[in-house]
Amino acid sequence: TTSTVTISASADDVRAVLFDIANFPTWSTSFKSVTVLASNGDGRVTQAKFSVDAGALKDKPTLNFDWSGYPDRVDYSLEDADLLTDMSGAYIVKDNGDETEVTFELTVALSMPVPDVMRTKAEKATIDLTLKQLKEKLEN
């Protein structure tokens, strides 16, 4: 599932918030806490454990972050979790001058049977809420 939002802020300002993994809970209500487990030489988080409460989805996934596409893209993938068997995707930032386009890609799979329609709806709701809260954080 993918969604995109345009934010009235510079790409650098967007990156400063969006790529500051440890501080997700300060602006996104889906993330209750983040514990950084590993960082690279640039101080960027490469692995973190999250406490996620995104409506129907509540879990404590450990995610790995791939910065090879930085500054335009950061990919993430699931290391382990209680219920999730997949949580992967990317945050993509496109600099449009005065505005910045942010695309959030998310794929989730659970260890229990869930109809695709419900899983996709939960992915979309999570993406839309995250992008809405990111936009509010940067525009207010």
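Reader: How do the residues that line the largest cavity divide into nonpolar, polar and charged?

Author: In this predicted model, the lining of the largest cavity has 14 nonpolar residues, two polar ones and no charged ones. The search of the whole structure finds one cavity of 30 Å³ or more, and the volume of the largest cavity is about 120 Å³. Among the 16 residues of its lining, F31, M87, Y91, F104 and L106 are the closest to the centre, and Phe, Met, Tyr and Leu are residue types that count as nonpolar.

Reader: Which elements give two or more residues to the lining of that largest cavity?

Author: They are strand 3 (45–54), strand 5 (62–66), strand 7 (84–96) and strand 8 (99–110).

Reader: What makes the contact between helix 1 and helix 2, and how do its residues divide by class?

Author: Helix 1 brings D13, V14, V17 and L18 to the contact, while helix 2 brings L134, K137 and L138. By class, this contact has five nonpolar residues, no polar ones and two charged ones.

Reader: Which element gives the most to the lining of the largest pocket?

Author: Helix 2 does, with eight residues. Strand 4 (57–59), strand 8 and helix 2 each supply at least two residues of this lining. The largest pocket holds about 350 Å³ of space, and of the 19 residues that line it, A54, A56, L57, M118 and A122 lie nearest its centre. The lining divides into 12 nonpolar, three polar and four charged residues.

Reader: Where is the cis peptide bond, and what is its omega?

Author: The cis bond joins Y70 and P71, with an omega of about 10°. P71 itself lies in the loop between strand 5 and strand 6 (73–80).

Note on methods
Residues are numbered from 1 along each chain as its sequence is written. This is a predicted model: local features need pLDDT of at least 70, side-chain atom pairs count only at pLDDT 80 or more; totals for chains, interfaces and linings use all residues. Side-chain values use heavy atoms; hydrogens and water are left out. On a 1 Å grid over the protein atoms alone, a cavity is a set of points where a 1.4 Å probe fits but cannot get out, and a pocket is an open set with protein on both sides within 12 Å along at least five of seven lines; lining residues have an atom within 4 Å of a point. Grid points are joined across faces, edges and corners, and a volume is the space filled by probe spheres set on the points. Helices (H or I, at least four residues) and strands (E, at least two) are DSSP runs, numbered from the N terminus. Contact means heavy atoms within 4.5 Å.
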